[in-house]
Amino acid sequence: MKRQTFTFLFFLLFSAFSIAQQTDTEKLKEGVDSKTFVFEARQASGARGRMIQLDPGYTLDVSSKKVIGDLPFFGRAYQSTPGADTGLKFDFSEFEYEVKDRKKGGWDITISPKEQSDVRSVYLTIQKNGNASLRIISNSKDSMSYTGFIK
């Protein structure tokens, strides 16, 4: 009798866990479709192979009205302003937003600013579990890649 009860409770717990995961995936899909999510970077990779772990707080905030980036940069800058912050900081409100479904679940998102910006394009790959990778192509700096998650 104890074994049957234990087995029943195990399956009940497992099914509740799978329903919770499904709901999270649905919320993530809603955020991607409505252009409302925040990517938090945990690791950065430069074009020349250097990789560093990041403290919390470096984000890409996407909304239907704006895309705001506050990310670290290291590498070669082809143009720079003396004394200026060397990070990848941008804020644009006119942009193209394209979403493609991935074969094994998740989404590939391309964001291209329409207005004049140092950022040429932003590529974001989001998996069903919320893990994500980000690649930013700049007009005046080496490209940067980030891994993290969607909040």
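Strand β6 (residues 95-101) and strand β7 (residues 107-113) run antiparallel and are joined by seven bridges. Here strands (E, at least two residues) and helices (H or I, at least four residues) are DSSP runs numbered from the N terminus, and two strands pair if DSSP finds at least two bridges between them. Five residues lie between β6 and β7 in their hairpin, where Gly105 takes a positive phi near 95°.

A word on conventions before we go on. Residues are numbered from 1 along each chain as its sequence is written, and side-chain values use heavy atoms, with hydrogens and water left out. Because the model is predicted, local features need pLDDT of at least 70 and side-chain atom pairs count only at pLDDT 80 or more, while totals for chains, interfaces and linings use all residues.

Further along, strand β8 (residues 119-126) meets strand β9 (residues 131-138) in an antiparallel arrangement with seven bridges. Val122 has Ile136 in β9 as its bridge partner. The hairpin of β8 and β9 has four residues between the strands, and Gly130 in the turn has a positive phi of about 100°. From β9 the chain passes through five residues into β10, forming another hairpin. Six bridges join β9 to β10, again antiparallel, and Asn131 is paired with Phe149 in β10.

Now for the charged side chains. Side chains of opposite charge can pair when their charged atoms come close. The structure holds eight salt bridges, each a side-chain nitrogen of Lys or Arg within 4 Å of a carboxyl oxygen of Asp or Glu. One of them joins Lys29 to Asp33, with the closest N and O atoms 3.2 Å apart. Both residues lie in helix α1 (residues 2-33), four residues apart, about one turn of the helix. Lys29 is partly exposed at 32% relative accessible area, and Asp33 is partly exposed at 46%; buried means under 20%, exposed over 50%, and partly exposed in between (1.4 Å probe, protein chains only).

Another salt bridge brings together Glu40 and Lys151 at 3.0 Å, N to O. This pair links distant parts of the chain, 111 residues apart: Glu40 is in strand β1 (residues 37-46), and Lys151 is in the segment after β10 (144-150). Glu40 counts as buried at 5% relative accessibility, whereas Lys151 counts as exposed at 58%. Salt bridges that share partners join Glu40, Arg42 and Lys151 into one network.
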